[in-house]
Amino acid sequence: MKPEAVYFFGTCVVDLFFPEAGLAGIELLKREGVRVVFPRGQTCCAQPAYNCGYHEEARAVARGQMALFPKPLPVVVPSGSCAGMMKHHYPDLFEGTPEHAQAVAFAARVHELTQFLVDVLGVRLTDRGEKATVTWHSSCHGLREMGLEAEPKALLSQLSNVTVVPLKRERECCGFGGTFSVRYPDISAAMVTDKIADVASTGAPTVLSADAACLLNIGGALEKTGAAARPMHLAEFLWERTRER
Amino acid sequence: MSAETGATDFHASSSKALLDPSLRANFRRAMDGLMAKRAAQFPDPAEWNALRDLAASVRTRALAKLPELLETLEAKCVANGLKVHWAATTDEANAIVLAILRDHGATRLVKGKSMVSEEMHLNDFLSANGVESLETDLGEYIIQLDGETPSHIIMPAIHKNKQQIARLFGQKIRDAVYTEDVDALTATARRVLRQKFFEAEAGLSGVNFAVAETGTLCLVENEGNGRMSTHVPPIHIAVMGLEKVVERLEDVPPLLTVLTRSATGQPISTYFNMITAPRGPGEKDGPREVHLVILDNGRSRIFSDSELQVTLRCIRCGACMNYCPVYTRIGGHAYEAIYPGPIGMILTPQIEGLKRRHELPHASSLCHACTEICPVEIPITRLLVRLRKEAAQPPAGSKVLDAGGGRSRLEDLAWAGWQAAHTSPLLYRVMGTALRLFGPLAPRGLPLLNAWTKSRTVPKRAKRTLQDLVREKGIPDA
């Protein structure tokens with residue numbers, strides 16, 4: 001059932017590095033007649049500290065975020081990774097604390113953006129863009145924590161002028177992994193080097209993902225090597241091609 | 001590994017491995033092949049989910065009754081005529097094996113493949129005590145010839161290509177001529193090993209499943225060397241980790257089917273041995289004595305933690321290695337551990353302690369590929385995070401060996417700063433602005449930035465953040 005209003009959790013990486021993707025996500029939701037609420041105090045889902053084992057620090061940040069989304073509205077997140085953190089790890093993080101029930105209830109309201117667009121809103125897109133070729137990187141947490149596989153492809157398949165050339169190793173990690181990329185820069189570099197070679201072999205000028213952190217990694221490596229392809233968040237790509245001008 | 005401190009340097013060993021193009025190519029090719037073969041065995045997701053649910057439930061039930069099942073296993077084995085030995089440590093296990101060999105004056109041992117014997121460093125120990133301990137699994141034979149350890153738990157010589165093996169055989173085996181013909185190489189090894197099987201006074205094997213209700217030791221193999229090692233010499237010694245027990249005979253097929261399919265993409269292995277008793281009166285073959293050595297080596301400690309206990313579900317199929325993007329690039333030796341790859345990253349720190357191995361759980365991008373394909377549903381990714389927590393912020397009463405052993409004051413400070421910046425919207429904005437204004441001026445020598453920019457450009461903070469944009473667009477705050 002279509003809700004009247006939703007919360008939008010932009011994520012820190014989108015906020016700082018891919019703000020247009022966040023705005024595009026909001027516009028896609030608004031176009032479906034949904035009121036979008038963006039609590040200003042939001043910062044980060046707390047995944048970096050959680051993944052590094054600093055769970056006290058993660059709890060402090062997560063507690064602050066949950067308090068910003070008090071109404072029983074869906075919380076839509078333009079990242080499979082951050083959505084996965086809030087949906088699948090908040091209950092664990094607060095296990096044995098007074099906020100556990102709150103965390104479980106909050107987690108149940110969390111949706112990844114493209115899943116929300118397809119599964120809850122049932123969006124139909126009209127492609128207004130020029131012919132374009134893209135490739136798709138299925139981010140690990142979106143794919144394997146949130147089960148995000150059919151939805152982004154369903155959205156792309158609605159765009160009549162867009163050809164998707166799949167990566168040879170679509171399901172393989174790009175090597176970001178948060179602090180992994182700086183704790184083990186050589187291994188991370190080997191992984192992203194292979195990923196951008198895979199991107200190059202598709203010939204597509206654009207690599208799409210529904211996770212900004214992967215795009216930061218892949219995009220940084222593309223730029224460093226002078227490769228032609230550019231990273232773009234799926235939400236931005238969808239909005240730019242379908243908005244009425 | 002440093003001989004003086006026992007400390008390992010995974011950073012150095014993994015970075016070194018990445019620079020070896022031959023190793024990179026050998027692993028990528030091999031892992032691609034293994035993934036394709038496994039995937040072909042599980043074409044139907046519904047069937048795969050049903051199979052792994054069943055396998056996981058068999059292992060979960062076995063662990064739930066572990067102490068009781070081990071007692072039943074011992075009683076059944078003794079009733080069947082086996083001799084059962086318990087070893088708390090690998091030193092004890094080695095001493096038990098040596099005592100059995102000395103009792104019989106045995107100086108030549110043939111071995112089937114066994115990862116527990118690798119844990120024991122049995123070959124080195126026996127060699128130092130005047131016993132020739134010969135690996136008869138082809139892969140194990142190859143690396144023993146070259147003085148190496150396994151780089152994969154199922155395919156121990158997977159890091160070598162056929163040219164490297166051809167050179168090795170040419171150098172190390174008398175009368176062997178250089179050939180890259182795989183059948184000829186295999187025939188050469190077979191010729192050497194065949195003679196050794198007949199000469200050996202004892203054989204040693206691992207155990208894939210030990211059935212408590214019947215006292216049956218199950219051995220999965222493809223080369224027949226397992227059967228030769230356990231049936232030709234007059235004494236058979238089986239070594240197993242104490243988690244290998246299952247309750248009933250009917251628990252074996254559900255595990256066997258996911259083991260062979262996950263490990264090598266085979267619907268079933270070429271050989272499957274079920275060993276229940278030594279040679280009986282009037283029987284013409286089989287060993288006269290069968291010994292079972294049950295090893296703990298830290299497993300009881302793992303068992304005592306209700307969450308980490310699931311580590312012991314593992315049936316050693318190695319699929320988590322084949323699917324790991326890190327393992328695929330650095331190979332098994334870089335881990336400097338008996339068990340490499342994702343299962344090793346959760347098992348090794350628990351056995352060797354977090355003081356020595358706190359770096360291992362961090363050697364993962366947490367991509368969940370291992371968790372997705374584990375046939376007994378071990379939540380490896382979740383346990384990696386748990387061990388990171390045990391290293392940095394162990395809960396009171398933690399049972400993990402050397403809990404808190406990865407603590408770093410610098411990292412504590414960094415996360416305290418991170419918490420401050422993300423619990424105060426004002427500070428978050430200030431930090432974001434600082435990133436925009438001063439980020440480009442950050443000195444290139446900063447270690448974290450250096451690590452990132454080796455292969456990527458510096459991320460550029462957007463001129464206006466999403467917070468700025470939503471304010472301009474009048475998106476409601478509540």
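Tutor: Domain bounds here come from an automatic or database domain assignment. On that basis chain A is split into domain 1, residues 5–120, and domain 2, residues 132–242. The model is a predicted one. Taken over C-alpha atoms, the centres of domain 1 and domain 2 of chain A lie 22 Å apart. To count what touches, residues are in contact if their C-beta atoms, placed from the backbone, lie within 7 Å. By that criterion domain 1 of chain A contributes 28 residues to the contact, and domain 2 of chain A contributes 24 residues. On the domain 1 side of chain A, at least two residues each come from helix 1 (12–17), helix 2 (19–31), helix 3 (47–51), helix 5 (80–93) and helix 7 (113–120). The residues of this side of domain 1 of chain A comprise 14 nonpolar, 10 polar and four charged.

Strands of a sheet pair through backbone hydrogen bonds, either parallel or antiparallel. In chain B, six strands make an open sheet with parallel pairing, in the order 1-10-7-4-2-3. Strand 1 (83–87) and strand 3 (132–135) of chain B are the edge strands, each pairing on one side only. From one strand to the next, the twist averages 20°. One pair can be named: Leu109(B) has Ser133(B) in strand 3 of chain B as its bridge partner.

Terms used. Residues are numbered from 1 along each chain as its sequence is written. Chains are lettered from A and ligands numbered from 1 in the order in which they are written. This is a predicted model: local features need pLDDT of at least 70, side-chain atom pairs count only at pLDDT 80 or more; totals for chains, interfaces and linings use all residues. Two residues are in contact if their C-beta atoms, placed from the backbone, lie within 7 Å. Helices (H or I, at least four residues) and strands (E, at least two) are DSSP runs, numbered from the N terminus. Ala, Val, Leu, Ile, Met, Phe, Trp, Tyr, Cys and Pro count as nonpolar, Asp, Glu, Lys and Arg as charged, and the others, Gly among them, as polar. Two strands pair if DSSP finds at least two bridges between them. Axes are lines fitted to C-alpha atoms, for helices over the stretch in contact, and angles run from 0 to 180 degrees between N-to-C directions.
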